[in-house]
Amino acid sequence: MTALFDTHCHFDFRQFGGDFDSELSAAKQQGVERFLIPSVNEDNWLAVQQLSYQYPEIYHALGFHPWFLPSQPAKALPSLVQALEQRSSQCVAIGECGLDFVTDTPSDRQESYLSMQLELAQQYDLPVILHCRK
Ligand SMILES: [Zn+2]
């Protein structure tokens, strides 16, 4: 069977929380051998980091999803820099970040978060996981 790498899987969301081990095992039975969990904002960074410490086949990304942007970029951005400075080798990307014009979040706020994360991606030489809608 071909080995698969699910590069965008929100395994930390509570829909998987009831029986995480069996969800992971079911995915592996279908040939998925590696997983990349994007984060959505600071509130789930610890969860995705812990999952990738616990399971070596799980990698994670750190960032701010356009649906979950903190209201105070001045506080949020230094937190991301600090998390990136302390990242493990399991942190392989920035994201999920991007633009979403279905959500009510003002476009200028989304654009400023996206620009900042693209700059950090260059600075830390990491790829980005982009969310692009409308
Ligand atoms: Zn996503």
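Val92 is located in strand S4. Glu96 belongs to strand S4 too, and this glutamate is one of the residues that coordinate the zinc ion. The model is a predicted one. The protein contains four helices and five strands, and 45% of its 134 residues count as buried.

**Overall fold**

- The C-alpha trace spans about 45 × 30 × 25 Å along its principal axes.
- Of the contacts with a separation of 6 or more, 72% involve residues 24 or more positions apart.

**Surface and charge**

- The side chains include 8 positive and 17 negative ones. The centres of these two sets lie 2 Å apart.

**Zinc site**

- Three residues coordinate the zinc ion: His8 through NE2, His10 through NE2 and Glu96 through OE. The distances run from 2.0 to 2.1 Å.
- Along the chain, the donors follow the spacing H-x1-H-x85-E. The pair of His10 and Glu96 links distant parts of the chain, 86 residues apart. His10 sits in the loop between strand S1 (4-6) and helix H1 (20-29), while Glu96 sits in strand S4 (residues 91-100).
- His10 and Glu96 are both buried.
- The peptide bond between Gly95 and Glu96 is cis, with omega about 20°. Most peptide bonds are trans.

**His60 in strand S3**

- His60 is placed in strand S3 (residues 58-62). Its relative accessibility is 0%, so His60 counts as buried; the cut-off is under 20%.
- His60 and Glu96 are 36 residues apart in sequence, and their C-alpha atoms are 10.0 Å apart in space.
- Residues up to four places away in sequence are set aside for the contacts of His60. The residues it touches are Leu36, Ile37, Val48, Gln49, Ser52, Ser88, Gln90, Cys91, Val92 and Ala93.

- Beyond its neighbours within four places in sequence, Val92 is in contact with Leu36, Tyr59, His60, Leu126 and Pro127.
- Val92 and Pro38 are 54 residues apart along the chain, and 9.8 Å separates their C-alpha atoms.

**Positive phi angles**

- Most residues other than glycine have a negative phi.
- Asp125 has a positive phi, near 55°, and is not a glycine. Asp125 lies in the loop between helix H4 (107-124) and strand S5 (128-133). Its relative accessibility is 71%, so Asp125 counts as exposed.
- Lys134 is not a glycine either, and its phi is positive at about 55°. Lys134 is in the segment after S5. With 81% relative accessibility, Lys134 counts as exposed.

Definitions and conventions:
Residues numbered from 1 in each chain as written. Predicted model: local features only at pLDDT ≥ 70, side-chain atom pairs only at ≥ 80, totals over all residues. Heavy atoms only, no water. Helix = DSSP H or I, 4+ residues; strand = E, 2+ residues; numbered from the N terminus. Buried < 20%, exposed > 50% of the residue type's maximum accessible area, 1.4 Å probe, protein only. Contact = heavy atoms within 4.5 Å. Lys, Arg positive; Asp, Glu negative; His and termini not counted. Charge placed at Lys NZ, Arg CZ, Asp CG, Glu CD. Donors = N, O, S within 2.8 Å, 3.2 Å for Na, K, Ca; no water.
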